[in-house]
Amino acid sequence: MSHASTAGDAAVFAEPTVPVGAGWTANLSLATLAVFMAFMTPIQILLPLQLEHIDPHGKNDALSLVTGLGALVAVLANPLAGAMSDRTTSRFGRRRPWILGGALAGAAGLSLTATQHTVAGVAVGWCLAQAGLNAMLAGVTTPVADRVPLTQRAQVSGWTGLMQSFGLVLGALITTLLVTGVRSGYVTLAVLTVVLALPFVLRHSEPPLTRALRPAFDARAFARSLWVSPRQHPDFGWAWLTRFLINLGNALGTLYLFYFLADAVHYDDPGTGVLILTVIYTLCAALTAIPAGVLSDRLGRRKVFVVLCSLVMAAAAVLLSLLHTWPSAIAAAAVLGAGYGIYLAVDQALVTQVLPEATDRAKDLGVINIANSGPQVLAPALASPIITHLGGYTGLYATAALVILVGGLLVGRIRSVS
């Protein structure tokens, strides 16, 4: 369903009441698929392969360095792009210019990464890609809060959330089966990032922001706004912390999956193993995300679903900590996927209900997204010493289970959402 510009400036900031159609949801999902395919495929497959070729003996530290620096860029780029998006007065709206511009910049960064032959060069290319992709992410996450009514929000969030997993599956299929070589994998991802963003950018208009309503931008005020006071906005703070911990646990479990299969499970082809586990994970997530979203919308309840998904995900991490076999990895992927599917649908709907100001939706969602990218900075710093000094992969996955469980239980502190 295409949203034509509506009369009246209030449409820009008003709480949405008109349901979105299947076409709108599908095209936003394609754009979301693009950004997460470009994010996750390099982290899970291309970067490990590229860095293993560059520095076989220091591959773990090199991967930690590159992904950590990239995530640090993401922490800054996402809310900054969101704040600028909130203030964009283009006749094409506030979000679509950032979706397209971010896609083009991210594609350029991926293409640059493909040509590098040193760890430093890979780090520079990946940081540039992260800057562009996070500008795009700021554009694709906010339309749910801008345009989707509360009674439809978890269902739509289920579809867009699933694209995180589908992005890795599609990226893994492309980089392991359809194209050969790391460089061609990066270039193919770069092209698809732009192509998949175009349907939403070209087909769905949005109310433009007039210059009279544009909030003033001050660099110091923006820097201060990155800190949303938990005392003034406690529900926002608890929602942020819940997401941070669940994503930290998930990052601890998935960042070293390629090396886990190679070094602990001794799987012959860890790249294919990652693909198989990701397909299982995604199918199970697909089975739970949309039904959980529909049920959450109908009941008007969010928190109980977040608690449920944390219990399920923690159980999968415990399984991985106890058994380092291929069958146990398959079982854990299925359980983890089922739990994460619930999380993707319901938690995104929940956070849109605790945003402090309608005028700063994209910036505030950018701050929330720090809870997605921040763990990518912290997880490498935690994972490497845990693997080395605290029980190897058993210690790593036990830690992941504990962190996920604590994150899920803290959602109970949110008061304004059922």
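Student: Is E15 buried, exposed or partly exposed?
Tutor: In this predicted model, E15 has a relative accessible area of 45%. A buried residue would be under 20% and an exposed one over 50%. The value for E15 falls in between, so its class is partly exposed.

Student: How many residues apart are R153 and E15?
Tutor: R153 belongs to helix α6 (residues 150-178), whereas E15 sits in the loop between α1 (10-13) and α2 (22-54). The pair therefore links distant parts of the chain, and the separation is 138 residues.

Student: Does R153 count as buried or exposed?
Tutor: The relative accessibility of R153 is 1%. The limit for the buried class is under 20%, so R153 counts as buried.

Student: Which residue meets R95 in a salt bridge at 2.7 Å, N to O?
Tutor: R95 lies in the loop between α3 (59-86) and α4 (96-114), and its partner is found 51 residues away in helix α5. Both residues of this pair are buried. The partner is D146.

Student: Which helix gives the most to the lining of the second largest cavity?
Tutor: This cavity has a volume of about 80 Å³. Its lining includes R95 and D146, and the lining residues divide into three nonpolar, two polar and five charged. With three residues, the leading contributor is helix α5.

Student: How many of the residues of α5 are buried?
Tutor: α5 has 29 residues and reaches 42 Å from its first C-alpha to its last, close to the 42 Å expected at 1.5 Å a residue. The helix is mostly covered, and the number of buried residues is 25.

Student: Which element gives the most to the lining of the largest pocket?
Tutor: The pocket holds about 230 Å³ of space. Its lining has 18 residues, with A221, S225, D360, K363 and D364 nearest the centre. The elements that give two or more residues are α8 (219-225) and α14 (361-389). The one that gives the most, with three residues, is α8.

Technical notes:
Residues numbered from 1 in each chain as written. Predicted model: local features only at pLDDT ≥ 70, side-chain atom pairs only at ≥ 80, totals over all residues. Heavy atoms only, no water. 1 Å grid on protein atoms, 1.4 Å probe; cavity = no way out; pocket = protein on both sides within 12 Å on 5 of 7 lines; lining within 4 Å. Points joined across faces, edges and corners; volume = space filled by probe spheres on them. Helix = DSSP H or I, 4+ residues; strand = E, 2+ residues; numbered from the N terminus. Nonpolar A, V, L, I, M, F, W, Y, C, P; charged D, E, K, R; others polar. Expected span 1.5 Å × (residues − 1). Buried < 20%, exposed > 50% of the residue type's maximum accessible area, 1.4 Å probe, protein only. Salt bridge = Lys/Arg side-chain N within 4 Å of Asp/Glu carboxyl O.
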